[in-house]
Amino acid sequence: MNLLLLHPGEVAADGTAILSGRRALHAHAVLHAEPGQPLAAGLLDGPLGTAVVQSCKADELVVTTRFDRPAPAADDVLLLAVCRPKVLLRMLAHAAALGFGQIALFRSWRVEKSHLQSTAMQPEVQQEQLVLGLEQAGRTALPKVTFHPLFKPFVEDVLPTLPLPSARFVAQPRAELDTAALQPGPGPFALALGPDGGFLPYEVDQLAARGFLPIQCG
């Protein structure tokens, strides 16, 4: 945990916050936090700042917070075909850490139906992993996650309504262009990743027709 991430409702009007559970235990057992020690902190979907420890025990952490720095932007968009549950949860944490502000999960042809019934598809389970990713990277913007059960309606009906960046890429191992040849600009981008086994050629073509450039890692 590189950032103590707090929910707005946890912070009193005077900046004091009383935390328990995983964050308190981590501060006590891993950070060895002591009274007066400043910790890097952030407000979920808000600014960054500092939390000064008032007291720290394994079951309770009391801090005084001050949030006075803007958090990094999270303007990139990830289109992610649902993968194996354990992998999906890791991907969500990584996506939050990398600064994706929007994550659209969808079912493509090679997505196993059983994956859609796993606990990894539950919003509260997903949010836990997103928060872990934010804490690791020192970010505060919680990605918005949506799910779309069918590929064709998602591509044809939903994609045109999304405010996607103009820079768009789809991962395709057999693409002619590799990432080493790209010279992306400073703006945001959208990335589409396939499931275990990858996208079908038809699916790559559909995304390419909507401005997604096929790329491979080289």
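In this predicted model, five strands form an open sheet with mixed pairing. Read across the sheet, their order is β1-β3-β4-β5-β2. The edges are taken by β1 (4–6) and β2 (16–19), each of which pairs on one side only. From one strand to the next, the twist averages 40°.

Isoleucine 18 has valine 62 in β5 as its bridge partner. Helix α1, residues 22–29, packs on the sheet and touches β1, β2, β4 and β5. The direction of α1 makes about 75° with that of β4.

Next comes the connection between two of the strands. The loop between β3 (38–43) and β4 (48–57) holds proline 47. Is proline 47 buried, partly exposed or exposed? Its relative accessible area is 29%. Buried would require under 20% and exposed over 50%, so proline 47 counts as partly exposed.

The surroundings of proline 47 include residues from other parts of the chain. Which residues does proline 47 contact, apart from its neighbours within four places in sequence? They are Gly42, Phe67, Arg69, Ala71 and Thr140. Separately, the C-alpha atom of proline 47 lies 9.0 Å from the C-alpha atom of arginine 139, although the two residues are 92 residues apart along the chain.

Key. Residues numbered from 1 in each chain as written. Predicted model: local features only at pLDDT ≥ 70, side-chain atom pairs only at ≥ 80, totals over all residues. Heavy atoms only, no water. Helix = DSSP H or I, 4+ residues; strand = E, 2+ residues; numbered from the N terminus. Buried < 20%, exposed > 50% of the residue type's maximum accessible area, 1.4 Å probe, protein only. Contact = heavy atoms within 4.5 Å. Pairing = 2+ DSSP bridges. Axes fitted to C-alpha atoms, helices over the stretch in contact; angles between N-to-C directions.
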